[in-house]
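Here is a short report on strand pairing and helix packing.

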Amino acid sequence: MQPHSHPNPVDNLGHPELAREICLSSDADCCNVCTRLDHLDEEIARAQAIVQDLLRQRDGFRSQLNQVHPSIVHRFPVEVASTIFEVYASNADGKESPFTLGAVCQRWRDIAWSTPKIWATLTLSGLRARRALSETRVQLVDDWLGRSARQPLFITLHFSSLNDDRPQFHRLIDVINQHCDHWYSLDLQLPSVLLIRFNDAACDSSTLYKLSMWRSSFSGPDLTIGTLRRIAPRILCMHSISLDIGAINWTHITHLTLGVLSVDETLQIFRMSPSLYECRFDSIYLREAGSQTESQIPIVHAILESLHIRFSFSDPRAAECFFNNVTLPTLKYLDVHGSGDEYHGCILVPFLMRSSNGLQNLLIDEDNYPGEDLVRIARLTPSLERLCIRQLDLFYDALTSHLPDPDSPLSATVDPLLPSLRIFEWIGDGSSLGKFKDQIQFSFTVGLDNCLHDDRGPAISS
C-alpha cells in the first residue's frame, strides 16, 4: 500500500487557493493564517487594478505631450533637424526612405520635403521591388528626384527582366534622363532595350563621376547604347554592351573597365583617353583579316600605370596584335590572362623593352609560358616587387642556368635577378618547389644589400 502524500506547504505559498486545502479547519471556521491570507489577496487585487488604471492614464497623457510641448526635433533649428535627417538617410542602407520621416508628423514632413540631400540617392532593384512598376511609382520617382534640387544624384537601377511593365520602364528612364545634368553616380544593370534609352540630351553641364552599365539579360537583340558625349565620367564600367566608341566622352576618364572589345577598339580608346590611369579589359579579340585599321598604328600612352587585360580564348592572335602596337612608359602594374597558347613570351619581352623599367607588379596567368622569356623579363624589370606566374617548373628549369654559383668568387659581382622582389606566387603545382626554395635564398637575396642572411627575403606562396 502506497503512503498518502500531502501537499508541501512551501510549494503552495504563492497559490492562496491551494493554501485552503492544507488548512485542517472547516470552511466556516478557518484558522487565523488562512483568514489573513484571504484579506491580503483581496488588497493585492485592488492594488493591481489601481496600478493598471494609473498606467492607462499615464499612456493617455504621454500621447498628449507633443501637443502641449514641442518635441526635441521641433525645438531644433531647421538646419540642425535637416542635418539629423541627412545622417539618418545616409545610414539607412536602403531599408528606410525619406517617406518614413515624412510619416511621423506634419512638422517632420515639412523638414524632410525641404531637405534636398536626403533625396539625392535613389535605389530601385528588381529583387526588392516585388510589385509591378506602376505609373504611380514612376510619379513618385519624379517627385523624389524633383525634391533633390541640384544635389549630385546617386542612382542605382538593377532589373533583370521587364515582364509587362516596359512602357512604365521607358517612362522611368525618361524621368531620370531629365536630371542628367546632376548625375554623379549612375549604376545600371538592365536589359539592353532599357540601356539604349539613356541619353544626355538634357545635359548642359556634367557632374558625373562614375558610370556603370551592365547588360543584365542576354535575350533580345544586341543593341548599341545611345549617345553620352555631354557627360564626362571619371570612372567608366561597361560590360556585354555593344559600344560605339564615338558615343562616349573619354576625355576625363581615369579608371576604365570594359569587356568584349576588339584590339582596334582598345587602341582607339587609349588614343581618346589621355587621363587614363587604371584600365581593365576583358575578352579582347581580333577582328577578321582585312578589317584592321587603327591596330597597325602604334600608340604610346603617357600616364597609364595599371593594366589588367584578358584575351579571348578563341583568338590567340589578339595578344600579339595588342602588345605589338602599344607602349606604356609609366606602367607599374600588369596583369595578363592569355588564351592558353605559348605566344606571349615573344611579345611581352619587346613590349617591356619599349615601356618603362618601373614595373612593380607582374601577373601572367598563362599555361606553358616559356621559362627563358620569364628570365628575360626578370632581367628587364629590376624594380619588380611582386611576380605571379602559372607554371613554376618551366621558370625553375630556365632559371637554374642563369643563377650565380654561390661557390664562385665572381658571384658577388653578378647583377642579381629581381633585386626588389618581395612576393613570388604561382598558380598550380610545382614539382621543383624544393629545389627552388634551396636556390632562392642565395640567388634573390643577393640583391637585398648583398646580404645572404637578410631577413627581408621574398615571400613564397602557391
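His255 stands opposite Glu278 in strand 7. Ile235 stands opposite His255 in strand 6. The model is predicted: local features need pLDDT of at least 70, side-chain atom pairs count only at pLDDT 80 or more, and totals for chains, interfaces and linings use all residues. Residues are numbered from 1 along each chain as its sequence is written, and side-chain values use heavy atoms, without hydrogens and water.

Helices (H or I, at least four residues) and strands (E, at least two) are DSSP runs, numbered from the N terminus. Two strands pair if DSSP finds at least two bridges between them.

| Strand pair | Sense | Bridges |
|---|---|---|
| Strand 5 (residues 235–239) and strand 6 | parallel | 4 bridges |
| Strand 6 and strand 7 | parallel | 7 bridges |

Strand 6, helix 11 and strand 7 form a right-handed β-α-β unit. Right-handed means that, with the strands pointing away from the viewer, the path from the first strand over the helix to the second runs clockwise.

Helix 11 (residues 263–272) is mostly covered, with 7 of its 10 residues buried. Buried means under 20% relative accessible area (1.4 Å probe, protein chains only). Among the buried residues are Val263, Leu267 and Phe270. The buried residues of helix 11 pack against elements including strand 8 (299–300) and helix 12 (317–323), in contact (heavy atoms within 4.5 Å).

Helix 8 (residues 135–147) and helix 9 (residues 166–177) pack at about 5°, their axes 10 Å apart. Axes are lines fitted to C-alpha atoms, for helices over the stretch in contact, and angles run from 0 to 180 degrees between N-to-C directions. Helix 8 and helix 9 are therefore roughly parallel (angles under 35 degrees).

Note on methods
Parallel < 35°, antiparallel > 145°, perpendicular 65-115°, else oblique. Buried < 20%, exposed > 50% of the residue type's maximum accessible area, 1.4 Å probe, protein only.
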